Amino acid sequence: MTRRPRGAPPAPPPSTPARPAVSPPPGALVAERRLIETMLTACGVPARDREDLLQIVLVAAWGAIQAGRYRPHPRAHPRRALQAWLRGIAWRQAGHHLGRAHVRREVPVDEPRALVGEGSVAPEGRLLARAALRALAELPAPQRELLLVAVGRSTITAHARARGLSPSTTAHRLHLARKALARRIARRLW
């Protein structure tokens, strides 16, 4: 047995589920199909996606039942408890679905190529980007590495610790690298 550190709160008592797991038949889930469709419609799911999302909700509900996570109150009406639980699952799944980038940015049109012009990227922007990449390539390797770390997934602190440096020193070096890059870009453009 391990000792509790001084000043630490006491360990919570082992939790036991207050209610037993219930396993309604699969037919009870399918019988609530209209309720789930209504909930998905109310959440703003497009008609073209509702059938797929309905299947996802049913599979998620059945998986939760099999895992023992469906625990309605014993005094609740069984069908009402199941409906409330399915509404919650449908609401969460609709939120996940509507939050996906391809759903948020999708614009159904008859002729998608009509929306994109051939010269949609400004040539000035391309020139600026090329100048910035050339200026970045001219920087010394340590500065280039620091700038790339700053835009990547790793943090500057993690980069500093991996090299045995102080985070403040690394932040200062990053500041100097940014200034050097800005000067080189300005020289290229003027």
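Predicted model: local features only at pLDDT ≥ 70, side-chain atom pairs only at ≥ 80, totals over all residues.
Biologist: What makes Arg-79 and Glu-32 a salt bridge?

Modeller: Their closest N and O atoms are 2.7 Å apart, and the term asks for a side-chain nitrogen of Lys or Arg within 4 Å of a carboxyl oxygen of Asp or Glu. Residues are numbered from 1 along each chain as its sequence is written, and side-chain values use heavy atoms, with hydrogens and water left out.

Biologist: Why do you say that this pair ties parts together?

Modeller: Arg-79 sits in helix α4, while Glu-32 is in the loop between α1 (26-31) and α2, so the bridge joins parts 47 residues apart in sequence. Helices here are DSSP runs (H or I, at least four residues), numbered from the N terminus.

Biologist: How do you know whether Glu-32 is buried or exposed?

Modeller: Its relative accessible area is 5%. Buried means under 20%, exposed over 50%, and partly exposed in between (1.4 Å probe, protein chains only). Glu-32 is therefore buried, whereas Arg-79, at 48%, is partly exposed.

Biologist: And what separates Glu-37 from Arg-33 in helix α2?

Modeller: About one helical turn, because they are four residues apart in that helix. They form a salt bridge too, with the closest N and O atoms 3.4 Å apart. Arg-33, Glu-37 and Glu-51 are linked in a network of salt bridges. By this rule, the count comes to five salt bridges.

Biologist: Why are α2 and α4 called oblique to each other?

Modeller: The axes of α2 (residues 33-42) and α4 (residues 78-98) cross at roughly 40° and come within 9 Å. Axes are lines fitted to C-alpha atoms, for helices over the stretch in contact, and angles run from 0 to 180 degrees between N-to-C directions. Under 35 degrees counts as roughly parallel, over 145 as roughly antiparallel, 65 to 115 as roughly perpendicular, and the rest as oblique. So α2 and α4 are oblique.

Biologist: Which residues make the contact?

Modeller: With contact meaning heavy atoms within 4.5 Å, α2 brings Leu-35, Ile-36, Met-39 and Leu-40, and α4 brings Gln-83, Leu-86, Arg-87, Ala-90, Trp-91 and Ala-94.

How values were computed. Helix = DSSP H or I, 4+ residues; strand = E, 2+ residues; numbered from the N terminus.
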